[in-house]
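Dear colleague,

I am passing on the structure we spoke about, together with some notes on what turned up when I went through it. Please open it alongside this message and read the two together.

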Amino acid sequence: MNGTSLHYRTAGSGPAVVLLHGVPKTSYHWRYLVPKLTPHYTVVVPDLRGLGDSARPSDGYDSATMSDDIAELMNHLGHRTYAVAGEDWGAVIGYQLAARHRDHVTALVFAEALFPDSASRTTRPSPPRTSPAACTCGIWVSTSSRTSLRC
């Protein structure tokens, strides 16, 4: 994906949900949550670039590139739309994924993450206009009629 090789697992059926782990974890981090989701969702759990059984390229470890890895993976698997849940660095990547591929991300759940401020080079979605810099957990739901960020 995106010039690299990602290891992933997928299970279940229904709307797609991708779970993004933090650092220095792997997709194994989600082992207790996956069985709870698979009766209702198709769950995709990748090892992020450079971690677990995924390839370790010499570059591309910024959140924008890593979010594009996930977008390509989900496209490759045939998922046009999907929800994203991330923790730690996975939350930052999920936030980028929602910003860069907003037509595909239906919901974003994040935990244990601090996001760069608006002066950084990181792309921020809008709306919401509230600064998530102080958020340590939240839910962002985007539908045709509303977008909300709750901390």
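By a nonpolar core I mean a set of buried Ala, Val, Leu, Ile, Met, Phe, Trp, Tyr and Cys residues joined through side-chain atoms within 4.5 Å. Please keep in mind throughout that this is a predicted model.

The largest such core has 24 residues, and the members that touch the most other members are Val18, Ile70, Tyr82 and Val84. Two or more residues of this core come from each of strand E2 (16-20), helix H2 (63-76), strand E4 (82-87), helix H3 (89-100) and strand E5 (105-111), and H3 gives the most, with six residues.

The peptide bond that joins Val23 and Pro24 is cis, with omega at about 5 degrees, and Pro24 lies in the loop between E2 and helix H1 (34-37). Asp88, which is placed in the loop between E4 and H3, has a positive phi, near 60 degrees, although Asp88 is a residue other than glycine. Is Asp88 buried, exposed or partly exposed? With a relative accessible area of 26%, Asp88 is partly exposed, because that term covers values between the 20% limit for buried and the 50% limit for exposed.

With best wishes

Technical notes
Residues numbered from 1 in each chain as written. Predicted model: local features only at pLDDT ≥ 70, side-chain atom pairs only at ≥ 80, totals over all residues. Heavy atoms only, no water. Buried < 20%, exposed > 50% of the residue type's maximum accessible area, 1.4 Å probe, protein only. Helix = DSSP H or I, 4+ residues; strand = E, 2+ residues; numbered from the N terminus.
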